[in-house]
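I opened the notebook for a slow walk through this fold, one spot at a time. Here is what I looked up, in the order I looked.

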Amino acid sequence: MRVFIISLNQKVCDQFGLVFRDTTTLLHNINATHHKAQIFDAIYSKTFESELHPLVKKHLHPYFITQNIKDMGITTNLISRVSKFYYALKYYAKFMSLGELGCYASHYSLWEKCIELNEPICILEDDITLKEDFKEGLDFLEKHIQELGYARLMHLLYDANVKSEPLSHKNHEIQERVGIIKAYSHGVGTQGYVITPKIAKVFKKCSRKWVVPVDTIMDATFIHGVKNLVLQPFVIADDEQISTIARKEELYSPKIALMRKLHFKYLKYWQFV
């Protein structure tokens with residue numbers, strides 16, 4: 001199986017004062033298996049001309065972006081001012097930072113790559129470490145991914161009280177190794193997963209407008225019907241020493257805050273689209 005590691009290149013990091021992560025060891029460890037890895041140059045939200053990246057600009061919703069991005073000349077119109085309430089209610093939309101938009105663009109581009117190759121791929125971020133059974137886990141998913149469609153290699157806990165449950169499945173081997181996360185937005189993180197072209201198309205279809213971080217839309221079974229599956233035990237781990245993902249939540253207008261509250265209250269009534 002092809003493995004793509006999302007990583008910002010040295011030039012981009014130097015230009016924007018970002019942390020460059022050396023992926024030499026990660027590449028070596030993956031290539032020591034029969035699964036061959038390659039670097040995918042992560043997309044940063046800004047270009048060298050200090051404009052928004054074209055892919056980001058194409059998909060972002062002008063309301064759900066942080067103020068520093070709004071200052072780059074992004075304007076709203078009547079449609080966007082009205083549609084913000086729809087997204088706030090149905091998608092539980094939230095303000096996103098430059099980093100989150102770049103992360104979305106990188107994963108979105110790899111979904112397109114998966115569709116282009118017409119084969120399942122493994123997508124990893126560069127701030128992870130491999131566990132001893134990584135090869136075994138990836139071998140397992142290579143064997144079963146067509147049936148599963150999509151499965152995480154790990155996830156972070158949004159709430160310690162909400163954990164994945166065993167997946168009820170007729171195939172005993174799958175039932176023993178795969179869990180299901182039923183609570184919306186409790187998968188948390190895009191550190192690593194395996195995906196088929198079929199599911200990549202589904203995620204892409206739900207990403208016409210970016211109004212939540214990419215892992216949140218991937219969690220949203222109530223929107224796309226894709227089960228939020230995870231391999232158990234996890235075969236990768238978040239490297240806390242080099243992970244720099246952090247974001248300050250920004251306040252919403254009272255109307256949008258109310259719509260977000262209504263979202264969870266009436267979530268069970270939404271139908272898949």
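This is a predicted model: local features need pLDDT of at least 70, side-chain atom pairs count only at pLDDT 80 or more; totals for chains, interfaces and linings use all residues.

**Entry 1: Gln 191.** I then placed Gln 191 in the loop between β7 (178-180) and β8 (192-195).

Which residues does Gln 191 contact, once neighbours within four places in sequence are left aside? I found Ile 123, Leu 124, Glu 125, Ile 128, Met 154, Leu 156, Ile 236 and Asp 238.

**Entry 2: the whole protein.** I stepped back for the totals. I noted twelve helices and ten strands, and 51% of the 273 residues count as buried. Taking contacts with a separation of 6 or more, I saw that 81% come from residues 24 or more positions apart.

**Entry 3: the cores.** A reminder to myself: in soluble globular proteins, nonpolar side chains tend to be buried together. Which members of the largest nonpolar core touch the most other members? They are Trp 111, Ile 195 and Trp 210, in a core of 49 residues. The most is given to this core by helix α6 (residues 98-117), which supplies eight residues. I also logged a second, separate core of 27 residues, with Met 1, Leu 124, Leu 141 and Ile 180 among them.

I followed up on Ile 195. Apart from neighbours within four places in sequence, Ile 195 is in contact with Trp 111, Cys 114, Pro 120, Ile 121, Ile 123, Gly 149, Tyr 150, Ala 200 and Phe 203.

**Entry 4: Thr 196.** I moved along to Thr 196, which sits in the loop between β8 and α9. Thr 196 has a relative accessible area of 3%, so I wrote it down as buried. Beyond neighbours within four places in sequence, the contacts of Thr 196 are Cys 114, Pro 120, Ile 145, Gln 146 and Gly 149.

**Entry 5: α6 against α9.** Two packed helices are described by the angle between their axes and the distance between the axes. I looked up both values here: the axes of α6 and helix α9 (residues 197-205) come within 8 Å and cross at roughly 140°. Angles over 145 degrees would count as roughly antiparallel, and α6 and α9 are therefore oblique to each other. The crossing of α6 past α9 is left-handed.

Which residues make the contact? From α6 I listed Tyr 108, Trp 111, Glu 112, Cys 114 and Ile 115, and from α9 Pro 197, Ala 200, Lys 201, Phe 203 and Lys 204. Sorted by type, the contact has seven nonpolar, no polar and three charged residues.

Entry 6: I finished with two backbone checks. Asn 118 is not a glycine, yet has a positive phi of about 60°. I located Asn 118 in the loop between α6 and β3 (121-125). The relative accessible area of Asn 118 is 60%, so this residue is exposed.

The other check was a peptide bond: Gln 232 to Pro 233 is cis, with omega near -5°. Pro 233 belongs to the loop between β9 (229-231) and β10 (236-238).

Key:
Residues are numbered from 1 along each chain as its sequence is written. Side-chain values use heavy atoms; hydrogens and water are left out. A nonpolar core is a set of buried Ala, Val, Leu, Ile, Met, Phe, Trp, Tyr and Cys residues joined through side-chain atoms within 4.5 Å. Buried means under 20% relative accessible area, exposed over 50%, partly exposed in between (1.4 Å probe, protein chains only). Helices (H or I, at least four residues) and strands (E, at least two) are DSSP runs, numbered from the N terminus. Contact means heavy atoms within 4.5 Å. Axes are lines fitted to C-alpha atoms, for helices over the stretch in contact, and angles run from 0 to 180 degrees between N-to-C directions. Angles under 35 degrees count as roughly parallel, over 145 as roughly antiparallel, 65 to 115 as roughly perpendicular and the rest as oblique. A crossing is left-handed if the near helix is turned anticlockwise from the far one by less than a right angle, and right-handed if clockwise. Ala, Val, Leu, Ile, Met, Phe, Trp, Tyr, Cys and Pro count as nonpolar, Asp, Glu, Lys and Arg as charged, and the others, Gly among them, as polar.
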